[in-house]
Amino acid sequence: MVDTTTPADVAGPRRHALIVGASRGLGLAIAEAYLARGVHVVGTVRPGPRTKLHPLREQWPDQLEIETVDITSVDQVAALRSRLQGKTFDLLLVNAGIKNDDRETIADVSPRTLFV
Ligand SMILES: NC(=O)c1ccc[n+]([C@@H]2O[C@H](COP(=O)([O-])OP(=O)(O)OC[C@H]3O[C@@H](n4cnc5c(N)ncnc54)[C@H](OP(=O)(O)O)[C@@H]3O)[C@@H](O)[C@H]2O)c1
C-alpha cells in the first residue's frame with residue numbers, strides 16, 4: 001500500500017472514521033490507509049470468525065476499534081447505534097455490499113434487498 005502520510009495528516013486533532021464492512025475489500029484497504037494517516041477508525045465486521053481487519057488492531061491498538069454488525073439485521077444495526085451513542089465521526093463509509101454477486105448491477109437488486 002502507498003504511504004500517503006504527510007505531516008499535516010498527523011498534526012492536528014485526531015479525526016474519526018466509521019467504516020461499515022471493513023473485513024476485506026475496499027473497506028479493509030480504506031481502514032488501513034486511514035490508520036496509517038493517524039485517523040481513529042471504528043471498523044465493522046459481521047459476527048463470526050477473525051477477519052483480515054483483526055491483525056490491524058495489533059498494529060494500531062490505540063487507533064482501531066472493531067465492532068460487529070450485520071446490516072441486514074435491524075436489531076444489530078440498532079445495537080451498534082446504541083453502542084456508538086455519543087461518538088462523532090468525520091467520515092462514514094458504508095462499504096457493506098448490496099449486490100449479491102459480481103453478475104448483478106445495482107439495477108438488479110430488488111427493493112426488498114435495498115430497504116430491508
Ligand atoms: N472493488 C471494486 O473495485 C468496486 C468497484 C465498484 C463498486 N464496488 C462496490 O463497492 C462495494 C464494496 O466492494 P468490495 O470490493 O469492498 O466488496 P467486498 O470485498 O465484497 O467487501 C464487502 C464488505 O461488506 C461486508 N458485508 C457484506 N454484506 C454485509 C452485511 N450484510 N452486513 C455487514 N457487512 C457486510 C463484507 O463483510 P464479510 O467479509 O462478512 O462478507 C465486506 O467487509 C460493493 O457493493 C461493490 O459492488 C466495488
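**The core and what surrounds it**

The largest nonpolar core has 15 residues. Those with the most contacts inside it are A17, I19, A22, A31, Y34, V41 and L53. A nonpolar core here is a set of buried Ala, Val, Leu, Ile, Met, Phe, Trp, Tyr and Cys residues joined through C-beta atoms within 7 Å. Buried means that 20 or more other C-beta atoms lie within 10 Å of the residue's own; exposed means 12 or fewer, and partly exposed is in between, with C-beta atoms placed from the backbone. Two or more residues of this core come from each of β1 (16-20), α2 (25-36) and β2 (40-45). Helix α2 gives the most, with four residues. Helices (H or I, at least four residues) and strands (E, at least two) are DSSP runs, numbered from the N terminus. In soluble globular proteins, nonpolar side chains tend to be buried together.

This is a predicted model: local features need pLDDT of at least 70, side-chain atom pairs count only at pLDDT 80 or more, and totals for chains, interfaces and linings use all residues. Residues are numbered from 1 along each chain as its sequence is written.

Take A17. Leaving out residues up to four places away in sequence, A17 touches Y34, V39, V41, F89, D90, L91 and L93. A contact requires C-beta atoms, placed from the backbone, within 7 Å.

Helix α2 also holds A29. A29 and L53 are 24 residues apart along the chain, and their C-alpha atoms are separated by 9.4 Å.

Now follow β2. It pairs with strand β3 (residues 64-68) in the parallel sense over five bridges; pairing requires at least two DSSP bridges between the strands. V45 stands opposite T68 in β3. With helix α3 (residues 54-59), β2 and β3 make a right-handed β-α-β unit. Right-handed means that, with the strands pointing away from the viewer, the path from the first strand over the helix to the second runs clockwise.

Next, the ligand. It is surrounded by 17 residues, and the closest are G21, G25, L26, A96 and G97. The shell divides into six nonpolar, seven polar and four charged residues.

Finally, step back. The protein chain has five helices and four strands, in the pattern α-β-α-β-α-β-α-β-α along the sequence. Buried residues make up 20% of its 116 residues.

Definitions and conventions: Contact = placed C-beta atoms within 7 Å. Near = placed C-beta within 6 Å. Nonpolar A, V, L, I, M, F, W, Y, C, P; charged D, E, K, R; others polar.
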